[in-house]
Amino acid sequence: MTNIWAVILARLPLAALLLACSFAYAETKNSCLDCHSALPDPLGVSQETFSHDIHAQKGLTCASCHGGDPTSDDADKAMSRKAGWKGKIDRAQIPQLCGSCHSDPSFMRTFNPSLRTDQLSQYKTSVHGKRLAAGDTKVAVCTDCHSVHDLRAPSNLASTVNPVNVANTCAHCHADPNYMSAYKIPTNQFADYSQSVHHSALAVRGDLSAPTCTTCHGNHGATPPGVAKVQNVCSNCHTFQAQMYEKSSHKAAFAAASLPGCVVCHSNHGIRHPTDAMLGTGPAAVCMQCHTPGDACDQARAGLQSGLSRLDEAIKGADQVLGVAESSGMEVSEARLGQDQARDSLTKARVTIHSFRTDLVDQDIQVGLKVAAKNLQAGKQAMVERNHRRVGLGISLVAIALVLLGLRLYIKQIES
Amino acid sequence: MSAWHSLRDWLNDRLEWDDLIEPLRKKAVPLHGLSYWYFLGGITLFLFVIQVLTGILLLLYYRPGANEAFESVQYIMTQVQFGWLIRSVHAWSANLMVFTAFAHMFSVLFLKAYRKPRELTCVSGVILLFLVMGFGFSGYLLPWNTLAFFATKVGTDIAGQVPVIGKPLMIFLRGGEEVTGATLTRFFGFHVAVLPGLATLLILLHVLLVQRLGISVPPKLEVEWNANPAMKREMKFFPNFMLRELMAWYVALGVLGALAAIFPWNLGVKADPFVPAPAGIKPEWYFLFMFQTLKMIPSKVWFIDGEVLGVLTFGVIGLVWLLLPFFESEDPSRTKRWITGLAIFALAYVAGMSVYGHLAK
């Protein structure tokens, strides 16, 4: 019993402090919003807007960034330099101001121990950061991407830096030809990206792991990856393709010609879903942009394309026969499952294409062709079995009809 | 002396065989314009026998259990010689049996064959119909495919709505809070032991009552034949009616074979309790009218939960249906018209709601 009292007494000062703090928090006054919620833009900030801000939710106030005395109802006192009031933060000072907390691991740990604290140092290495340091205040600072006064956590769907919103946020500046005119860089990235397979995976399929601008360019340290390093960016997700490409003859050839690896065939922002037609000679073809018709590479290209087509057609053929067998009520689920194996081989062959070696691609094609042929055989067997059943049914129905006729005649005989 | 006569003499010496089958020789079937409805009971019995035989054959390979049931049925369908035929006949025969049992019940109602002294024949028949539906519900889960899994989940959920005993009943049926492998083994037990035992006893009683009480004639005809016995027309049960019934069984066999060969029963996809229920999941067609009704009842009717109200209403209707023969007049010339009206309404409601349930999304 004595021990319990000792523990309670030992905790009393802490409990009293927590109680005092909670009263103090409850009584915290924020006179800034009293006035600014009534002001028009750009000085207006409503109570409702600020309530969504993660900083407000964590207990920070206007004074945390702008200084001043929010407890005073007197505007002169509240916004006096004596009270530390800074007024509107100069754009050039914004990264430093945000970094004063966000670069302090000990301080940030009290809110979220897993939050990174290298944003400012990364920002300084970015094109944005370097230009800002050089005096260009048109470049993006923290508030341009994260917004201000209603800043939300990136996991929040309404956040400007949520994966689904990042491209729109970047496009705000990078798709504006007037704004970007001084920098002499294209402004079609967002339009291209909107047509890409990556955008479709992210925005249409809802796959949050699909790449957006920051996945390839980085976020706080945003910078173009550079011609020589493009494959390093793509290989983060497309690992096997990158491994094949690393060992291929194209790696050295592209490097020698200062060509940007993956981008040469797949483009960058507007990457479409790759098709086997890229290996062809039609409008979607990419090989013939560099190679000469009839040369050894052109022949290898034709071999690769015909191998993929053969396997694709074999899979479709087996699918068709299995589909008919299935719609006839035949049990072909095992062969159906086997078709996934054949499709996997086709996918693997399409990946192996990045080695540009016909022998390696042919190995995958042969595996797939073997599986598809087996499944086709299972489908044909099922159709033969179906026909046998129908013949059996016909014979049985004839036998039943004969018995019925016999019974009818017998009934007639005994009743006559 | 033929072998048959020798066998008969042998049986007569020991069992007095001729005396045993004498009632069958004397048994007669009334002959009139609606006599063909008398075949339905026999066809239902024939389909039950098919169910027993094919069920026993399926038991040779079927393995109850969440990890084996689907694979064993797949094995039956693909590897076992004529396994596909046995399973398809079993499944089609089950559906045809439910159909003929319903048709038999409505024919009995419309011909007023449930009147005194056949009340107990009717009661045993209605209980048999409920058992047939129980066979359907329990058997549907046995292949352990996705549709069966979720249909059982929905079905047992509905059973859980019964006031007071609902929750314990649901747990008893499922063998726990959720539909699992325990539910499957339980349903297997009901399907191959409990229900066949009960059904066999009731079928024996039902047939014995039919044999004891004879076959009913429609009341109007009964009045006419009583007034003028010369008008009465009959057919000997054995062999005349029996041979015709045999013809009907052969036709049913042909239909079963054709359905099994042209539309083998689908196996579906193995049940996965962790995937969401497929959209628009529905029970077997013979439960659709109840399912659709429960779906249409508002969630609250006055102060009663809509689903509870629906389950209670169907319970009361089932009880009334069972006791319907006791509301009928004993006088064939003064039969109750409201019972025929009720039967017409019930048939229209069941058919209409089943079609609506089938078409509804």
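Two residues are in contact if their C-beta atoms, placed from the backbone, lie within 7 Å. Keep this in mind for the exercises below, which use a predicted model.

**Exercise 1.** Find out which residues of α5(B) meet which residues of α14(B), and sort the contact by class.

*Solution.* Start with α5(B): F106(B), L109(B) and F110(B) take part. Now turn to their partners in α14(B), which are T340(B), A343(B) and L347(B). Sorted by class, this contact has 5 nonpolar residues, 1 polar residue and no charged residues.

**Exercise 2.** Describe how helix α5 of chain B and helix α14 of chain B are arranged.

*Solution.* Two packed helices are described by the angle and the distance between their axes. Here α5 covers residues 83-110 of chain B and α14 covers residues 337-359 of chain B; their axes come within 9 Å and cross at roughly 155°. Angles over 145 degrees count as roughly antiparallel, so α5(B) is roughly antiparallel to α14(B). Finally, the crossing of α5(B) past α14(B) is left-handed.

**Exercise 3.** Work out what chain B brings to its contact with chain A.

*Solution.* First, count both sides: chain B supplies 20 residues and chain A supplies 18 residues. Next, look for elements of chain B that give two or more residues: these are α4 (69-78) and α11 (237-262). Of the elements on this side, α11(B) gives the most, with 12 residues. By class, the side of chain B that touches chain A has 13 nonpolar, 6 polar and 1 charged residues.

**Exercise 4.** Check the pLDDT of chain A.

*Solution.* The mean is 89, and 93% of the residues of chain A reach 70 or more. Then look at residues 16-27 of chain A, where the pLDDT is below 50. Beyond near neighbours in sequence, this stretch has 0 contacts in the model.

Notes: Residues are numbered from 1 along each chain as its sequence is written. Chains are lettered from A and ligands numbered from 1 in the order in which they are written. This is a predicted model: local features need pLDDT of at least 70, side-chain atom pairs count only at pLDDT 80 or more; totals for chains, interfaces and linings use all residues. pLDDT is the predictor's confidence in each residue, from 0 to 100. Helices (H or I, at least four residues) and strands (E, at least two) are DSSP runs, numbered from the N terminus. Ala, Val, Leu, Ile, Met, Phe, Trp, Tyr, Cys and Pro count as nonpolar, Asp, Glu, Lys and Arg as charged, and the others, Gly among them, as polar. Axes are lines fitted to C-alpha atoms, for helices over the stretch in contact, and angles run from 0 to 180 degrees between N-to-C directions. Angles under 35 degrees count as roughly parallel, over 145 as roughly antiparallel, 65 to 115 as roughly perpendicular and the rest as oblique. A crossing is left-handed if the near helix is turned anticlockwise from the far one by less than a right angle, and right-handed if clockwise.
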